[in-house]
Amino acid sequence: MSDTSSVNQRLLGSENYQKLRNSGVLLVGAGGIGCELLKNLVLMGFGSIDIVDLDTIDLSNLNRQFLFRHRDIKQPKSTTAIKAIQHVSNSKLTAHTANIMDVETFPLSWFDQFAIIFNALDNLEARRYVNQMAQFLHKPLLESGTAGFDGYIQPIIPGSTECFDCTTKETPKTFPVCTIRSTPSQPIHCIVWAKNFLFAQLFASSGSTIGDGDLGTDNPEEIKRIQQETNELLELQEYVRAGDESKIPEIIKKIFVQDIQKLLAIEELWKTREKPVPLPDIEVDGIVNTDLSSVWTIQEQVNAFVLSTQRLMKRLPEEGQIEFDKDDQDTLEFVTTAANIRAHIFKLPLKSLFDIKQIAGNIIPAIATTNAIISGLSALASLRVLNLIKNQPEAKAQELNMAFTSKASNISSNRYISNPQLAHPNPKCPVCSIARGVLHVSQEALKTTTLSELIQKIQEKYRFEGEVSILDKSTQRLLADYDFEDLLDKTLAELNLKHGIILSISDESVADEVRCTTEFYLDEVKDAQLRLPNIEVPLVKVIPSTEETDDAVGAIESTASGEIILDALEDKNEKKRPLEDEESSSSLPPSKKSATTHDEGVVILD
Ligand SMILES: Nc1ncnc2c1ncn2[C@@H]1O[C@H](COP(=O)(O)OP(=O)(O)OP(=O)(O)O)[C@@H](O)[C@H]1O
Ligand SMILES: [Zn+2]
C-alpha cells in the first residue's frame, strides 16, 4: 500500500497527490466496470470513495466482477466489493446498497460532497438521472460503458462539454403488434410474445400494453381478436393467481390451441402466409431435458412449460408478482418453452434455452478485458478532469478527450483506442441547454406556500413576462398552465411536492423571444422559508416546431406508445455533431446497444 502511494506521489507530484488525497469521489455501480474502477480508484489513493449499487451478486457476475467470490452470491454488491478491497485501501470506503435515483437516500445535496462522479451503470434511466444531478451541481461526471469488445468513456463537464443527453440514444427495436400477436415470422417474434405479452400478463406486475399501440393492421377482425385475447388472458391470470395447478392443461389449450384456431378463422391473414397448426394433444410425461444448449423436442418443451408454470404459480402468493429475469431459471424456462411451442405452431425454428437467454435477456457477452481497459481510461481521465497531472497546464474542457475502443468508435481500422476531443453542449439538448438551479424550501414553506405564490415569485425573479406552465417532472404531472388553473390555490405540500422533486417551468408567452425553460430541484433548507437560486434565465429565440426531433428524450418518448419493444440487438452507429478537430470530425460515438432496465427500458452499453 505504501509502495503505491509513494509511486503515485512521485507520478503526480506531492501537491497534486495531496489534492487527490483530499478528494472524495462517487462511484455508481459495482458491476463489471464498477469493480475494476473501484480497484483503480483505491490504488490511486483518492481520499474517500463512496460506492452505490442496488443489486446483489449473481453467479453470472463472477466471471468478470473479480471482487466477488462464489460465497458472495446473494450478498449486496457494494458492501461486498468494499470488503474485498479494503485490505489494500488507504481510502475511506463507504458502501451504499440503494438505488442512486432514491431521493430520500441521495438528495442532490448529497452528490455535492464529491469532487467527481464515475458512472459504471448498465441502464439509460440511471445514467440520465446522474447526468441530470451533475448538471444541477456543475459536477464533473465520467460516464462509461462497455458491450462486448466495444466500450467508451466520456468526461462530462457541465456547461462546457456535451452531456449524456446531448446525443440521441438508440431507440429499441420494435415490432408491430400484429406480427407478435397474430403472424410471427421469426423466432424472435415468438420470444417477444412469450416474454413481453404472455409472461407479463400472467405473472408480472402490470400486464403488457401490447395491443394498445401500433397494431400494424387495419383488419377489424384481427383487431377485435387481439383485444378479445387480451381480455381472455386476464381470466387465465386469475387461475394462475389462485394457484390452481389443475388448470394448467386449460391454459395450454387456450393459448396454443384455441387462440390459434381463432387466428386461422381470419382467412385474410393466411392468403400469403403459411397457416399455423394448433398444438396437438401432448400427454405430459414430466421428462425434462437438462441440456441447456440443445434444442428440446416439442414433448420436452411442453413438459418444461408445465413444470415452470407450476413453480411460478407456487411462488406468486409470496412474491406477489414476478418480473422476467434471465437469471431466474423459472421465468427463463417459461419464456423459452412458451416461445418454442409457439414457434413450433408457426413452423419456425426452435431455439435452445441458452440462445433464448441471450436474446430475451439481451445479453451481449461482457468481456472482462474491455471493462478493464475502460475502467483504466476512466481512472486516468479523472486525473485530467481534476487537473492532477504533473507538469500539465490546466486542461480546458474541450481539450479533454473521450475514448472509444476501435470497433465502437469506427474511427480507425488500425487503432484499438481512439480519443477524440469532447464536443460542445448541444444547444438543442433537453437537459443541458436549459437553465437549472436548486430551489431551497423548508418543510414549513411547503405547507404554507401555494402554487400561485411560487409561480409569482419565479416570474418576478427571472422576469418571465407572460404566462408560464409548470410541470412536476418526477411524475410528468402538469400543475398549471394558461388554461389549467385548478391547482393554483393548493399548497406545495397538498400537491405532494416535496424535497427531491424537479419542477420544470416553461415560458408560454407568444413572442419571438421567451425565457429559457428552467428546472428547479426542490431541496430542503432549515434557515429560510423559500430561496430561489441566483441563476440567469436567458431569453431564447422561439424556433418554430418541426416534425423532426433530434433530441434523445423525444426519440425515447416516441417509443413509449404501446408498440412492442425488444430491448436489444441492433448494432447501429448514430450520427453525432461534428467535433472540432479534423480527426474527430469523422468520428462516431460508440455503437449504442440496448440492454434491459425494466421490461421496456432502453439502455445503451452496460
Ligand atoms: N439505479 C441504480 N442504482 C444503483 N446501482 C445501479 C442502478 N442501476 C444499475 N445499477 C448497477 O450498475 C451495475 C452495472 O454493472 P454491469 O453492467 O456489470 O451489470 P450486472 O447487472 O452486474 O451484469 P449483468 O447485467 O450482465 O448480469 C450493476 O451492478 C447494477 O446493479
Ligand atoms: Zn446535453
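This is a predicted model: local features need pLDDT of at least 70, side-chain atom pairs count only at pLDDT 80 or more; totals for chains, interfaces and linings use all residues.
**Entry 1. The sheet containing β13**

Strand β13 (residues 502-507) is antiparallel to strand β15 (residues 518-524), and 4 bridges connect the pair. Within that pairing I noted S504, whose bridge partner in β15 is E519.

I then examined strand β11 (residues 468-472), which pairs with β13 in the antiparallel sense over 5 bridges. Here L471 has S504 of β13 as its bridge partner.

I recorded A480 in β12 as the bridge partner of I470. The strands β11 and β12 form a hairpin with 4 residues between them. In its turn, I found that Q476 has a positive phi of about 55°.

For the whole arrangement I wrote down an open sheet of 6 strands with mixed pairing, in the order β12-β11-β13-β15-β10-β16. Its edge strands are β12 (477-480) and β16 (530-531), each of which pairs on one side only.

**Entry 2. Helix α17**

I next checked the length of helix α17 (residues 451-462). Its 12 residues reach 16 Å from the first C-alpha to the last, close to the 16 Å expected at 1.5 Å a residue. Where do the buried residues of α17 lie around the axis? I listed them as L451, L454, I455, I458 and Y462. They cover an arc of only 100° around the axis, so they lie on the same side of α17. I set beside this the general rule that an α-helix has 3.6 residues a turn, so residues three or four places apart point the same way.

**Entry 3. The sheet containing β1**

I turned to the open sheet of 8 strands, which has mixed pairing and the order β3-β2-β1-β4-β5-β6-β8-β9. The strands that pair on one side only are β3 (92-96) and β9 (417-418), at the edges. Inside the sheet I looked up strand β1 (residues 24-28), which runs parallel to strand β4 (residues 116-119) and is joined to it by 4 bridges. L27 stands opposite F118 in β4.

**Entry 4. Helix α6**

Among the buried residues are R127, R128, Y129, N131 and F136. Just after α6, H138 takes a positive phi of about 55°.

I listed 22 residues around ligand 1, of which G29, G31, G32, D55 and D122 come nearest. By class, the shell divides into 8 nonpolar, 8 polar and 6 charged residues.

I located D291 in the loop between α10 (248-265) and α11 (298-319). Is D291 buried or exposed? I recorded D291 as exposed, because 11 other C-beta atoms lie within 10 Å, where 12 or fewer is the criterion. The C-alpha atoms of D291 and S352 are separated by 8.7 Å, although the two are 61 residues apart along the chain.

From the unreviewed UniProt entry I took the feature "domain: Ubiquitin-activating enzyme SCCH", placed at residues 314-362. Over residues 314-362 I noted 63% helix and 0% strand, with the end C-alpha atoms 27 Å apart.

Note on methods
Residues are numbered from 1 along each chain as its sequence is written. Chains are lettered from A and ligands numbered from 1 in the order in which they are written. A residue is near a molecule or strand if its C-beta atom, placed from the backbone, lies within 6 Å of it. Ala, Val, Leu, Ile, Met, Phe, Trp, Tyr, Cys and Pro count as nonpolar, Asp, Glu, Lys and Arg as charged, and the others, Gly among them, as polar. Helices (H or I, at least four residues) and strands (E, at least two) are DSSP runs, numbered from the N terminus. A residue is buried if 20 or more other C-beta atoms lie within 10 Å of its own, exposed if 12 or fewer, and partly exposed in between; C-beta atoms are placed from the backbone. UniProt positions are given in the numbering used here, feature names are shortened, and annotations may be inferred rather than shown by experiment. Two strands pair if DSSP finds at least two bridges between them. The expected span of a helix is 1.5 Å times one less than its number of residues. The arc is that of the directions from the helix axis to the C-beta atoms.
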